[in-house]
Amino acid sequence: MKRRVFIGTGALALAGGGAYWLNSNNALPGTTADAGFGAAMAETTDEIDTSGVVEMAMGDKNAPVTVVEYASPTCPHCARFHQTVLPEIKKNYIDTGKIRFIFREAYFDKYGLWASLMARCGGEMRYFGIMDILMGDQKAWLGEGDPATVVDNLRKIGLTAGMTNEQLDTCFSDEDNVKTLVAWYQQNFTRDNMDSTPSFLIQGEKYSNMSYEDFSAVLDKKLAEAE
């Protein structure tokens, strides 16, 4: 099953070239400010400078093959990939210097955005460790989908990762950062013609979700071509 961008209450609405975080129902409870989630996101994503968004990546910058994954912290298929396939890719291809692996979040719902905000608040050094927790225990932190409970669970993960409550409050309520990240996601998703998660660009070529065996075969082919 593919996880697609959707429009609806509590979702990121894509309409007329604009992106809007849907007002009060999406305000993040339990923080010092809700403005980042209650305000309109942008009139057009092209007007927002996303050049400062950090690409979260693993592996040698000079690796011969680059893989880009598009994934959402709330996508079950993404969680399965991160639990079963990515560890083998990391062991055999990332840690050995064969590939550079870039992770780009897709913001399909408010919980996925909140989770990504929290993970990015931890900085590059903590990011993938936090994302491993989010993907590895997805059902636990999402619970029954109650916003206050989700925020509390995300806050606990952030605190466990070494952040403070003050850092998390600042991160969750940063309206400009929210706008920039949503614009960044939309620009990337549109440019790379993505329509589901997890999806991948391997040396610029688009691929859908795969088993480790299939992924390994593609990587070996791309590595041979890069020689």
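**Close-up views of a predicted model**

Of the 227 residues of the chain, 51% count as buried. The model shown in these views is predicted.

Figure 1. Among contacts between residues at least 6 apart in sequence, 73% join residues at least 24 apart. The chain exposes about 10,400 Å², and carbon and sulfur atoms supply 49% of this area.

**Figure 2. Five strands form an open sheet in the order β3-β5-β4-β6-β7.** The pairing within this sheet is mixed. The strands β3 (56-58) and β7 stand at the edges and have a single partner strand each, so one side of each is left without a neighbour in the sheet. On average, neighbouring strands of the sheet are turned by 25° against each other, direction ignored.

**Figure 3. Strand β3 pairs with strand β5 (residues 99-105) in the antiparallel sense.** Three bridges join the two strands. Within this pair, Ala57 stands opposite Ile102 in β5. Helix α9 packs on the sheet, where it touches β4 (65-71) and β5; the direction of α9 makes about 120° with that of β5.

**Figure 4. Helix α8 (residues 165-172) has buried residues at Leu168, Asp169, Cys171 and Phe172.** Seen down the axis of α8, these buried residues fall within an arc of 165°, so they line one face of the helix. An α-helix has 3.6 residues a turn, so residues three or four places apart point the same way. Glu166 and Thr170, on the other side of α8, are exposed.

**Figure 5. The loop between α9 (175-191) and β6 (199-202) contains Pro198.** The peptide bond that leads from Thr197 to Pro198 is cis, and its omega is near -5°. Asn193 is found in this loop between α9 and β6 as well. Although Asn193 is not a glycine, it has a positive phi of about 55°. Asn193 is exposed, and its relative accessible area is 57%.

**Figure 6. Gln203 lies in the loop between β6 and β7 (205-207).** The phi of Gln203 is near 55°, which is a positive value in a residue other than glycine. Gln203 is partly exposed, with a relative accessible area of 39%.

Conventions:
Residues are numbered from 1 along each chain as its sequence is written. This is a predicted model: local features need pLDDT of at least 70, side-chain atom pairs count only at pLDDT 80 or more; totals for chains, interfaces and linings use all residues. Side-chain values use heavy atoms; hydrogens and water are left out. Buried means under 20% relative accessible area, exposed over 50%, partly exposed in between (1.4 Å probe, protein chains only). Contact means heavy atoms within 4.5 Å. Accessible areas come from the Shrake-Rupley method with a 1.4 Å probe; for residues, only the protein chains shown count as cover. Helices (H or I, at least four residues) and strands (E, at least two) are DSSP runs, numbered from the N terminus. The arc is that of the directions from the helix axis to the C-beta atoms. Two strands pair if DSSP finds at least two bridges between them. Axes are lines fitted to C-alpha atoms, for helices over the stretch in contact, and angles run from 0 to 180 degrees between N-to-C directions.
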